[in-house]
Amino acid sequence: MSAPAELVLAAGGPVIPNFGGGSSCVVQNHQFCLSWFEHNWSSVFEPRLVEHLELTAIAVGVGMAIAFTAAIIAYKQNWFETPFSLLSAFLYTIPSLALFELLVQVTGINRFTAEIGLVSYTLLILFRNTLTGLRGVPPASIEAAHAMGLTPRQTLLRVELPLAFPAIMAGIRIATVTTISLATVAAYIGAGGLGELIFDAIQSGFKTEFVAAGVLAIVLAIALDIVLVLLQRAITPWSRRRLAPT
Amino acid sequence: MRSSDPVSFFLNNLSLFGDKTAAHVELSLASIGVAFAICVPLGVWLGHLHRGSFLAISVSNIGRALPSLAVISIGIGILGIGFRNTMVALIILAGPVMLTNAYVAVDGVDQDAVQAARAMGMTPLSVLLRVELPLALPLIFAGIRTATVYVIATATLATFAGGGGLGDIIVNEPTYGTAGVVAGSLAIAVLAFAFDGLLALVQLGVTPAPLRRQGRRQRVDAIVEASWETGGRR
Amino acid sequence: MRAVPGSDIKDIPPRAGRRHRLRALAVLLLAVLAAALVAACGSSSNSSSTTSSGTASTGSTSTSASSGSSGTLTLGTKNFTEEFIVGALYQQALTAKGCKINYKPNIGATEVIDKALTSGQIDAYPEYTGESVATVAGINTPVSSPQQEYNLAKAFYAKRGQVMSQMTPFFDTDAIAVRKAFAQKYGLVSTGDLKKVPHFTLGARPEFLNREEGALGMKKVYGVSNFTFKSLALGLQYQALDSGAVDAIDVFTTDPQLASGKYVVLKDPKNIFGFQNIALVVNKNKVNACPGLMSTVDAVNRLLTTPAIIAMNKAVAIDHQQPGAVAAAFLKANHLG
């Protein structure tokens with residue numbers, strides 16, 4: 001269907017410009033229109049991809065700050081573990097869409113609400129892995145540190161945390177990948193990101209957008225997973241053996 | 001039909017919840033069933049042969065990383081909407097865990113037991129069926145359990161693909177009100193917990209007594225671990 | 001996971017006060033989490049605005065301005081193409097006049113976005129006159145002209161604290177559409193004719209089920225209740241109808257897909273779906289947020305004739321251009337952008 005040339009209606013009517021039409025691939029909604037994807041990459045896909053990364057980074061960063069602090073406290077004060085575990089486990093079990101819809105009633109339809117939900121989901125994994133990692137430090141190392149005169153804080157910083165690092169990194173890796181997945185759902189409540197493109201596609205039925213947005217999200221998740229694995233191996237070359245299941 | 005609180009909404013709409021839950025469970029179990037039929041025998045077989053460890057690990061890593069809505073999205077783009085098409089997406093999401101667990105379970109069976117069985121003259125098939133599988137059963141089952149709870153949680157998103165289920169209630173605040181959204185959300189959480197609990201009991205049943213662990217710390221860990229597996233990667 | 005018994009870290013004598021400090025820190029952390037929860041509950045009427053520049057617009061969006069400051073308008077839209085287009089038109093036309101627009105497209109259906117308006121999360125959004133009357137106001141008086149519908153809507157909003165702009169020349173109502181062969185088989189011309197079908201599936205967006213201007217009206221006014229309702233995310237309905245997953249769907253009369261000739265749109269002689277012209281609904285206290293706000297919106301609305309909106313709908317829904325780009329081209333051609 002060719003686009004109409006500039007239409008001038010009867011006096012007083014609007015000018016309807018030629019909007020340019022669409023390629024036959026797009027108009028007939030074929031499986032994947034590469035030219036449309038390329039043409040719209042920088043205006044549609046790239047901003048959403050960046051947004052998605054931001055969402056994830058903020059969620060994992062804040063989650064890590066909270067969970068890390070909590071894990072250290074739990075490490076020193078055992079009673080703290082149970083309430084925090086149960087709280088974060090409870091938050092984690094609620095299916096994501098349900099949790100986001102519940103939060104919206106309280107804090108509205110915006111990115112802040114989404115971040116609250118996303119942070120909640122990271123807490124359990126990060127807390128559990130950090131604590132497991134700390135507890136897995138060989139007691140002999142701790143005793144040796146004390147024998148050398150290190151204070152508890154120095155022991156924590158120079159011995160326990162470095163040895164716990166592989167487990168902590170595994171936790172960050174799982175949390176990151178999980179957050180990318182959840183962030184796609186968060187778009188339903190205004191978070192933006194690649195999920196927004198998926199919901200746009202649901203609204204428009206445009207197959208190319210379904211496929212492109214889905215593939216981008218998957219590629220992002222797998223790419224970050226690989227990057228974090230490599231990062232972990234680079235920083236702790238001494239521990240190739242698996243501790244926590246990864 | 002609006003009510004002021006989730007509980008009365010639930011009680012006033014029992015048939016609605018019944019229908020949606022039935023659809024939700026039907027979709028979930030069908031997907032699990034197919035994924036089980038494909039992935040568990042494959043994993044068991046590979047583990048028995050001690051081959052394909054790289055495949056199993058890679059499938060595990062990639063499967064864990066797949067964003068569920070993205071897989072559903074690609075499914076809509078390629079297959080369209082509807083029950084069967086949503087099922088395909090859920091099968092893809094459920095498979096990796098079951099495959100990897102089945103592989104690791106059989107691969108990791110104590111080789112002394114296997115050698116002893118062979119020494120007694122058992123055929124490889126008998127070894128598999130009478131020695132390896134029983135010992136591997138707990139871990140295989142853990143994979144089924146993880147996958148089932150994950151699919152039940154993820155089936156919430158089926159509403160976007162015309163697959164029905166409890167998600168229909170959650171996204172329809174205009175019709176069902178806040179009370180409905182809360183009731184629907186709680187219903188799915190309860191459903192997930194219920195299946196997890198049910199399967200935990202079954203898992204306890206298939207775990208040989210010496211391998212069971214009790215103790216308060218382990219129980220807290222178990223709760224934490226269970227809900228960690230429950231939520232999984234959505 | 002536990003350290004070997006006997007070498008527990010607690011065996012090492014603590015520094016004076018350290019355990020006490022850690023306990024305080026633990027309690028403080030729990031208290032902060034609890035306080036955050038309470039604070040979040042308390043701020044349910046505040047909008048915390050971070051930019052969410054949806055794909056619905058390539059125009060500029062302002063940053064981090066809450067809807068309280070002057071010179072800024074938070075503009076929202078509902079969750080479908082026509083709203084994205086009209087929203088983008090308003091956003092760009094107003095920005096060109098020096099208004100700072102905090103644009104939040106794709107908020108949700110009528111019930112959801114109206115709540116956002118009354119709670120102050122947004123200041124304005126484009127609304128359909130019939131929706132205002134039937135869904136927002138809950139008024140079921142039968143109307144016989146767009147002007148009548150508009151007057152009812154305007155009066156309702158005035159009582160509640162909102163102002164309406166002038167309305168567009170075009171209107172876009174819901175309607176039931178079926179496949180051509182299906183219509184021929186059962187002789188379907190009007191919505192009431194659906195009674196002739198033994199049983200059919202009706203697919204529509206979730207909120208359609210419970211609306212007077214929806215399935216409820218079909219039952220009450222036309223006596224059509226011989227259907228199974230299938231909830232479809234808005235946008236999937238044509239796909240579902242084409243594939244045979246459903247027999248009838250709810251459509252918008254300005255949908256570009258209707259020009260294909262594949263479907264028959266059933267008439268609505270009893271006007272259950274109302275008249276649906278668009279006007280901008282603004283909270284009273286924000287009417288003067290920008291100079292010339294209402295006059296600019298009125299100028300845009302005057303341009304929106306049925307051919308214009310259908311052309312723009314086609315560009316976005318069929319040709320998959322971006323709403324922002326289409327709006328920009330339209331405004332430029334008419335010297336408003």
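A: Let's begin at Leu89(C): leaving aside residues up to four places away in sequence, it touches Val300(C), Ala327(C), Phe330(C) and Leu331(C). Two residues are in contact here if their C-beta atoms, placed from the backbone, lie within 7 Å. Bear in mind that this is a predicted model, in which local features need pLDDT of at least 70, side-chain atom pairs count only at pLDDT 80 or more, and totals for chains, interfaces and linings use all residues. Residues are numbered from 1 along each chain as its sequence is written, while chains are lettered from A and ligands numbered from 1 in the order in which they are written.

Leu89(C) also belongs to the largest nonpolar core, a set of 230 residues. Such a core is made of buried Ala, Val, Leu, Ile, Met, Phe, Trp, Tyr and Cys residues joined through C-beta atoms within 7 Å. Buried means that 20 or more other C-beta atoms lie within 10 Å of a residue's own; with 12 or fewer it is exposed, and in between it is partly exposed, the C-beta atoms being placed from the backbone. Besides Leu89(C), the residues with the most contacts inside this core are Phe100(A), Ala186(A), Ile198(A), Ala94(B), Met98(B) and Ala102(B). Helix α7 (residues 152-186) of chain A gives this core its largest share, 15 residues. Domain 1 (72-171 + 275-333) and domain 2 (174-265) of chain C each supply at least three residues of the core. As background, nonpolar side chains tend to be buried together in soluble globular proteins.

Now to the chain around our starting residue. Chain C has 11 helices and 10 strands; helices (H or I, at least four residues) and strands (E, at least two) are DSSP runs, numbered from the N terminus. Of its 337 residues, 52% count as buried. Among the contacts in chain C between residues at least 6 apart in sequence, 79% join residues at least 24 apart.

The domain assignment divides chain C into domain 1 (72-171 + 275-333) and domain 2 (174-265), with bounds that come from an automatic or database domain assignment. The C-alpha centres of the two domains lie 26 Å apart. Where they meet, 17 residues of domain 1 of chain C and 9 residues of domain 2 of chain C make the contact. On the domain 1 side, α4 (129-136) and α10 (306-317) of chain C each supply at least two residues, and α10(C) gives the most, with 6 residues. By class, that side of domain 1 has 8 nonpolar, 6 polar and 3 charged residues. In this count, Ala, Val, Leu, Ile, Met, Phe, Trp, Tyr, Cys and Pro are nonpolar, Asp, Glu, Lys and Arg are charged, and the others, Gly among them, are polar.

Another helix of chain C deserves a stop. In α3 (residues 110-118) of chain C, the residues Thr110(C), Ile113(C), Asp114(C), Ala116(C) and Leu117(C) are buried. Because they cover an arc of only 155 degrees around the axis, they sit on the same side of α3(C); the arc is that of the directions from the helix axis to the C-beta atoms. An α-helix has 3.6 residues a turn, so residues three or four places apart point the same way. The buried residues of α3(C) pack against β1 (72-78), β2 (100-108), β3 (124-128), α4 and β10 (278-283) of chain C. Just after α3(C) comes Gly120(C), with a positive phi of about 85 degrees.

Chain B has 10 helices and 0 strands, and 52% of its 234 residues count as buried. Its meeting with chain A involves 38 residues of chain B and 39 residues of chain A. On the chain B side, helices that each supply at least two residues include α3 (53-65), α4 (68-79) and α9 (173-206), and α4(B) contributes the largest share, 9 residues. That side has 24 nonpolar, 11 polar and 3 charged residues.

A friendly word on confidence to finish: pLDDT is the predictor's confidence in each residue, from 0 to 100. Chain B has a mean pLDDT of 84, and 87% of its residues reach 70 or more. Among its elements, α2(B) has the highest mean pLDDT (94) and α10(B) the lowest (44). Over residues 214-234 of chain B the pLDDT is below 50. Where pLDDT is low, the predicted coordinates should not be read in detail.
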